[in-house]
Amino acid sequence: MLKKMLIAAGIVAGGMFAMSQAVAQEVTLRLHHFLPPQAPVPANFITPWAEKLQAESNGRIKVEIFPAMQLGGRPPALIDQVTDGVVDVVWTLSGYTPGRFPKAEVFDLPFLAVDAERTSRAAWRFYEKHLQDELSGIKPIALHVHGPGVFHMRAPAIETLEDMRGRTVRGPTRMITQLLTTLGATPVGMPVPQVPESLSRNVIDGTVIPWEVTAPLRVSELVNTHT
């Protein structure tokens, strides 16, 4: 849900940006995230934001972007990387550190997101009113969610509740893995960069992810139904 800083939402997940310290003059910020650079969020949000920041500071503030965990570690480590000062800014999901941001997990509850824009606005208002203590030590730059999630599965497609039974499905967060269990599936938790390999090795039958990451992760080449 809350995209970078950290916070999960939508039916699957989301996120927000977090910053560890105030910027100084002539500063270069290192920004770390887990998606490939061609994915919609890096291409249409992170990179344009970095370019805007540099332009409006007359070149005083520069942002070096490191996609796809290029600086090392796995996606769940991103929040510690920013709080420990290893990097200056991260884009990540709160759901990757279950139990660390329990109030933020409200946006990870299934069927909560109406659409990404309105739910993202709600996430920011919720942060301002209810998450100040939970996110102390982190400076959120933005919080956002994605739209409702989609089941991307090998045939047979998920068309009824009974179709969930016995299927092994990747779940992004503990809220969603609980949902999958309730629906009769066998959930497997993992960060989204692990999904393509897990599909190709038949570790999972399918995954729950938003539409926008299916192309950059090549998920559509590994499954043949979408619900």
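**Salt bridges in the model**

A search of the whole structure finds 8 salt bridges, a salt bridge being a side-chain nitrogen of Lys or Arg within 4 Å of a carboxyl oxygen of Asp or Glu. This is a predicted model, in which local features need pLDDT of at least 70 and side-chain atom pairs count only at pLDDT 80 or more, while totals for chains, interfaces and linings use all residues. Residues are numbered from 1 along each chain as its sequence is written, and side-chain values use heavy atoms, with hydrogens and water left out.

**Exercise 1.** Find the partner of Asp80 and say which parts of the chain the pair links.

*Solution.* Asp80 forms a salt bridge with Arg100, and their closest N and O atoms are 2.8 Å apart. Asp80 lies in helix H2 (residues 78–83), whereas Arg100, 20 residues away, lies in the loop between strand S5 (89–92) and helix H3 (116–130); helices (H or I, at least four residues) and strands (E, at least two) are DSSP runs, numbered from the N terminus.

**Exercise 2.** Determine whether Asp80 is buried, partly exposed or exposed.

*Solution.* Buried means under 20% relative accessible area, exposed over 50%, and partly exposed in between (1.4 Å probe, protein chains only). Asp80 has a relative accessible area of 33%, so this residue is partly exposed.

**Exercise 3.** Describe the salt bridge between Arg121 and Glu117.

*Solution.* The closest N and O atoms of Arg121 and Glu117 are 3.4 Å apart. Because they are 4 residues apart in helix H3, about one helical turn separates them, and both Arg121 and Glu117 are exposed.
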